[in-house]
Every structure is written in structure tokens, then in C-alpha cells.
Amino acid sequence: MDRQSPLLQCLVFDISRCKHVKAGLKESETRYLAILEDQTELIARSLPNGTVTFVNEAFCRFFGLKRQQLIGHHYKPIVFQEDRERVVNLVNSISLENPVITFENRVIACQKVRWAQWITRGIFDEQGNLVELQSVGRDITDSKQAQEALSESEQKFRAIFNQTIQFIGLLEPSGIVLEVNQTALDFAGITREEVVGKLFWEAKWWTISPETQLQLRTAIAAAANGEFIRYEVDIWGRDCQAIAIDFSLRPILDRTGRVTLIICEGRDISQWQAALRERHKAEEALRSSQDFLQKVANTVPHILYLFDLLQGTSIYLNQQSLTVLGYSPEEICQADRQWLMNCFHPDDRHLCYDLLSRFANLRDNEVLSTEYRFRHKNGEWRWLNTREVVFARDASGTPTQILGSIEDISTRKQAEAVLRQQATGERLITQVTQQIRQSLNLEEVLNTTVNSIRECLRSDCVAIYQLTADGSGYFAAESLADGYPQKLKQTILAFCIKGDFSDYYQRLPTILHNIQQCDLSADFELLQLHQVKAAMVVPILNGQHLWGLVITYQCAIPRYWQPFEVNLLQQLASQVAIAIHQSVLYQQLQDANEELQRLVTLDGLTQIANRRRFNEYLESEWHRLKREKMPLSLILFDVDFFKLYNDSYGHLAGDNCLQKIASALLSTVKRPADLVARYGGEEFSVILPNTETKGAIHLAQAILQAVRDLAIPHAQSSVSDHVTVSLGVVSTVPNCEMSPQYLINAADKALYTAKQQGRDRVRSVCCSPVECF
């Protein structure tokens, strides 16, 4: 070959198999990572020095951190400080002989201390060197808290078991003692070791006599067969002192009905027996003085009685009980405690509870005076005044019997009630008058009026009935007592309306003390339907116009309306008439202001909210949701290539296009709290209070489709033959580190992203204090 001719040699290798292997390896790695990401367990990989090299999505969610905050960093910062040294030592203990360890520790997850359980495996190379740590964890916080709660519950039970004043023990059916509380041990001055694990009847308490031990053995045998045993017995106490107790054995059965445990209980009743003996002595003394008391009792006009606090019943009454209350002394003395309590008015029934405490601090000869209501035998409530003194005490000085006298003060109470009603009526007139001057809200005034009248007159129903131009009417306000129909659905009762209204135009009321004694004929069935027994109707005149009626009903029984009550109703009707006149003027002004406000905040072209209304609403919702710590979402969107649309079809067509989009927007956004606004030019916005990202994106996609469905031709568009929109979505929970402008900027950023990525689409961004700054 000529030396001047170059020589080129080439070697060609077939690397197809290598390429296939690499592709397979990459595909396998992709599947492996996908499996790890789908796991709910917390999966992490790290180097032997503790540097994290991989975490799955569940790991990030649990700790509230991003991958870049974990990968490349040591795992110690996420371990609770007090557990770090122990965790590091455990991880460092991994070796070829001990390649897998399992442990539990506290971690810092989402700024909270939680518990996690880990299985960590060491990966070694061919030389036996540790090259990687693989950890799988799970959240065990709930399990740990449950264990702590169980431990705390057991401690509480043990404290209650040992501190109760009852003697309590647990026995096997054979009589072997399993447990006994400290109270029982202290009672006899013995230790737990002397009792637990031994036969119950051989313990010190029962060694008072062989008969007592035999009785207990027989009782345990019966309890082991499922019987409940209870009896009184003397046992040894501290210093070998015989003490009487109330003793019981209660069998505990399993699901098959077999007795598995016997609970024994004892209560020291020695003091109770002593008190019982003292009571018998007092009763003997009482019998010796009864003759004298009877002579005194027959000479007084009031009820005299002797009440036993321990029994909760009267043991003596004079004959005046029949005159004052309609009950004979025998009826009251022989009645049970519940019957006596039911005779007290519900509002005064608290006087029957814990009688001992009421008289515990009462000195001898000190008089306790009490006023209350008591039901007469005929069903009427009578006001009584009771004057009581301690008649007998037990050995410790605690009152056991009360001597008292009862005076009927119903007449005085009725007179006081009338005076109070008159004073309340005068205050009510002043109060309603002041409110009418302060409030221009007619509904508020009417509701306050009916509630105040019913409370003052103590009537069953008070209503204000407004007449309409055609002669019909409706209830504008009503106040109903409990048990009365919640809504008056019928038209006004016929007895309230006069044929020519002449009486009402002269401000004359309709007063019915007893409906059954009035000539109402055809209306009687309607009255019975509403259970009306008495009524009073007063006209409301607005100038010369009969505006309506004030009506008060009495349903339980007929009622004689007092002149001051009629006068009260008439005066309040006059004040209501003033309120009506003021309200009409105020409503006219309100309507004018609302229309003006609507025009100021409305976009003239699209008839939706304008930029000013958008700014006001966003500001107010931002501060409200910041207080409530609830989410706020914002959607910003504009029409794609709208300038080309205007250039091609003209500005009139462009305006028509924006109007159609606004109409479609209103049809899509339906929640009352959501605000649709024209942000400027071809830009629109939607403010979504209490809405998270998922919901906002869903609505944005619905808006996108709604505009597509309009099918407005747009030949100059680069993305579609029809008009389309690009939408930016952002959501956040307002806080002090952000402002509404941050939300707008973030939504604008999302809108810009949607345009960059091809328009006719929805894009969202995260809005957080870090990113906004």
C-alpha cells in the first residue's frame, strides 16, 4: 500500500444486549420505587453514618417534611431529643451477627411528639462491610396512648379500691382470698400477707367464734352456687373489739353462668345501731309529751306538725291540715316520701332534697322560715309560710326531728303578684318605648313586644296580627308558652274581627274573660281547636289606618283581665304604631341605600361584582377565615387570545362574549357565599370561602367546561376553534404572616403557568408564607 494513503481500522461491537439489560434495570427500579411510594408504612434508606438517602411519600406525610428536607441530612433531628442517644446506639449495634433490630421511640412529626415502631435492617457487601440501612416504620401513637390510659385507669381503680370506706375483698369460689382493700386490713390491724392466699374464714375478723366461721363458710358455699348473701354479724376489729357490720357476698358469673369470683363487702353499722337506739329513746320521750302537744295544737289556727328527718315523713299533724290543705293528718302521715315531694311546686321541690343539711347548722330555738307553693287537694297551688325549729337530736347533736307551723299566705302572695305585675307593666312600657326609639327594625320591635307582654301578663300566647289590603292578614310576631302549638296556621279567629271595624277604629278593645260564656256560636269549634279559654284584643292604628291587632290568649282556664292589663296592652299598641311609622320610613331609606350600593359594586357590562366589590369581599373574608382558621380559595382566569377576538370580531362582539361568560359563570358558581367578579378587562375571579384546593380545582374545571359549552367561535385562537379560558387556582388558610395580596399574586402565578403550558386549562399553586415572601 502507498505510504501516503491513510489506513483506518474500525472495531464494531454489538451492545444491544447491554442496552436491553440497562432498560430492564431501569424499568425494575421504577417499579420498585412505585411500590415503595404506594406503601402506607414509613420507608427510609440511609448510609451507615446516618445520612438519609431515600424516603417514601408516607414518610414525608407523617413527619410533615419534604424530601429535600430529609435526603442528604442525618436522621437524628426527627428523633425526640431524650431518645436520640438510645436510637443511635441501637442502630450502631447492627452487625452481620445481628443484622435486624426492632425498637420503639418518640419522634417529632408535624411539630408534635409521636411514637413510632421501626424495623431496621443492615445491608452488607461481600466483604461483610455495612453499606446501607433500610428502615420500615409505623405510627404506634394511638397504641401507646391506650396503654398509658389503661395504666392510669388501673391506678385509679386501685386507689378507689383501697380508699373506699367499705370493707371489700375478692374470693375464689373455694373461699381463698385473692385481694382485700386497705380499709378492711386497717379495720382489724392486720397485713395483706396474713390474708391473701388463705381461707377467708380463717382470717382474724372471723375468729370471734366458731359459729361465726361456720356461718361464713356456709354463706360462701351458697354464693359459689350463684346466690347473693347478706346478713349482719359481729366480727373482731382492732384491739379485739367486737364490731357489728352489714356483710354481703355477691357472686360474679362468666358467660356460661359459672361462678368465677365472689365479691365480699362489709360496712360498719355500729354507729347506726347506736343512733337507732337513741331514736327509740326519743320516740319514748315524744309519746310522753304527745298529750300536751295535742292540747296546744288544737288551739292555734295554723298547721302544726312534727317531721322525722331520718324517715322523711311527718309523724304528727293537727287537724288544721284538713282546713288549710284539704288533707287529713292521716293522709299526710301515711303518705310516702315521693307523694309528699310531688305536692311541692316543681320550682320549690329542691327544698325536699338533703333535708339534713338544711337543719344541720340550726341552733336550738332558732327559727327557720321558708315560703313555698304546695298543691291543695282540689289541685290549686297554695302559698305557705313554714316556721321550723329543731325538736330532737341524736347523740352527736345532729337534728333528727323538726317541729313546725304552716300559715296559708296565698292571699298576700296574690296581692304582691298584682303589685309586681303593675310595676313590671310600667317598666315594660318604658323599656319598649326606649327600644322603639333606639331600633328601626320592625321585626325586632314586634318580637320584643310580644315576648315582653307574655312575660308580664303571664299569658299562654301573645301575637301581633297584621291586616292586608284585601281584608285578610297574617301573624307578624308571636310568643307561645310551652305546650302550645308552635305555629298559628289558621287565619285569625273570627271573634277578633268586627264586621265594620268601627270599634277598633275608635281604639276600643275586645275583652273576653270566659269564651264559653260569650255568644260565639259558629266560632266555638275553632276556639276549642286552639284551646282558647279567654282572650283580649287591642287595635294597632297607624294614623287613621287600622294596621293590625295585638292579641293575648289564655288557654288553661278562663281569666278575668285586670283594668291595668288592658291599659298596658293599649299603651304598647300605641308604641307599636309609632314603631311601624318609623320602620316604613327607615325601610324606604334602606332600599334606596341598598340599590345605590348595588350599583356602586356592580360591573356595568357583565352585571356581576366589579373590582371594588372583589377587593372589599376578599378583605372581609380573609379576616373572618383567619379568625376561624378555615381555608379560603381564589380562582383567577381570563379569555385566551381575547385581543385577537376583539380585532377579528369587533368590540361589540367582544362585549357580548364577556357577558355570555359572566352568565355561564353565575350558573356554575351556586353557593351564596361564593363571589363572582370581573377582575378587569377579560379577567374574571371567584372568591371561595371555606373551600380547600380540591374543591376549588373541581369548580375551576367546571368553569372551564362551561365556557367550552358556550361554543363561541374564535377562529384566531391557537388552542381551539372556540373561545376558551385559562384558570389559576390557589388555596390557603389565612394567617398573620400573609395578606390578601399574597393570595392574588399566587393565583396570578397559577394563571400565568396555565398560559405558559398551552392555555385552555386549570393550574394551581401552593400559597404558603414561605413562598409568598
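Asn690 is placed in the loop between strand E23 (683-689) and H21, in a model that is predicted.

Task. Repeat the analysis for Gln607, stating in which loop Gln607 is found and what its phi is.

Solution. Gln607 is found in the loop between helix H17 (563-600) and helix H18 (611-628). Its phi is positive, about 60°, although Gln607 is not a glycine. With 47% relative accessibility, Gln607 is counted as partly exposed.

**Aromatic pairs**

Task. State how many aromatic pairs the protein has, and classify the pair of Phe167 and Phe187 by its geometry.

Solution. Counting rings whose centres lie within 6.5 Å gives 17 aromatic pairs. In the pair formed by Phe167 and Phe187, the centres are 4.5 Å apart and the planes make an angle of 45°. Since planes under 30 degrees apart count as stacked and those over 60 as edge-to-face, this pair is tilted. As for its setting, Phe167 belongs to strand E6 (residues 167-171) and Phe187 to helix H6 (residues 182-188), so the pair ties together parts that are 20 residues apart in sequence. Phe167 is buried at a relative accessible area of 11%, and Phe187 is likewise buried at 15% relative accessibility.

Task. Classify the pair of Tyr645 and Tyr649 in turn, and state where in the chain these two residues lie.

Solution. The ring centres of Tyr645 and Tyr649 are 4.6 Å apart with 35° between the planes, which makes the pair tilted. Both residues lie in helix H19 (residues 642-649), and because they are four residues apart there, about one helical turn separates them. For Tyr645, a relative accessible area of 6% gives the class buried, whereas Tyr649, at 35%, is partly exposed.

Task. Name the residues of the aromatic cluster that contains Trp205 and Trp206, and give the distances for the charged residues over the rings of Trp115 and Tyr679.

Solution. The cluster consists of Phe200, Trp205, Trp206, Tyr231 and Phe247. Over the ring of Trp115 sits the charged end of Lys144, 4.4 Å from the ring centre. Over the face of Tyr679 lies Arg611, at 3.8 Å from the ring centre.

**Crossing helices**

Task. Describe how the axes of H19 and H20 are arranged, and name the residues that make the contact.

Solution. The two axes come within 7 Å and cross at roughly 130°. On the H19 side the contact is made by Phe642, Tyr645, Asn646 and Tyr649, and on the H20 side by His651, Ala653, Gly654, Cys657 and Leu658. Tyr645 and Tyr649, the tilted aromatic pair treated above, are thus among the residues in this contact.

Task. Carry out the analysis for H20 and H21, including the handedness of the crossing.

Solution. The axes of H20 (residues 651-668) and H21 (residues 693-710) come within 9 Å and cross at roughly 135°, and H20 and H21 are therefore oblique to each other. The crossing is right-handed. In H20 the residues involved are Lys660, Ile661, Ala664, Leu665 and Thr668, and they meet Leu699, Ala702, Ile703, Ala706, Val707 and Leu710 in H21.

**The surroundings of a cysteine**

Task. Characterise Cys343 by its helix, its accessibility and its contacts.

Solution. Cys343 lies in helix H11 (residues 337-343), and a relative accessibility of 4% places Cys343 in the buried class. When neighbours within four places in sequence are left aside, Cys343 is in contact with Tyr327, Arg373, Phe374, Arg375 and Trp381. The C-alpha atoms of Cys343 and His376 are separated by 8.1 Å, although these residues are 33 residues apart along the chain.

**The whole chain**

Task. State how many helices and strands the protein has, and what percentage of its residues count as buried.

Solution. The protein has 23 helices and 25 strands. Of its 773 residues, 40% count as buried. Finally, among contacts between residues at least 6 apart in sequence, 53% join residues at least 24 apart.

Terms used. Residues are numbered from 1 along each chain as its sequence is written. This is a predicted model: local features need pLDDT of at least 70, side-chain atom pairs count only at pLDDT 80 or more; totals for chains, interfaces and linings use all residues. Side-chain values use heavy atoms; hydrogens and water are left out. Rings of Phe, Tyr and Trp (its six-membered ring) pair if their centres lie within 6.5 Å; planes under 30 degrees apart count as stacked, over 60 as edge-to-face and the rest as tilted. Buried means under 20% relative accessible area, exposed over 50%, partly exposed in between (1.4 Å probe, protein chains only). A charge sits over a ring if NZ of Lys or CZ of Arg is within 6 Å of the ring centre and within 35 degrees of the ring normal. Axes are lines fitted to C-alpha atoms, for helices over the stretch in contact, and angles run from 0 to 180 degrees between N-to-C directions. Angles under 35 degrees count as roughly parallel, over 145 as roughly antiparallel, 65 to 115 as roughly perpendicular and the rest as oblique. A crossing is left-handed if the near helix is turned anticlockwise from the far one by less than a right angle, and right-handed if clockwise. Contact means heavy atoms within 4.5 Å.
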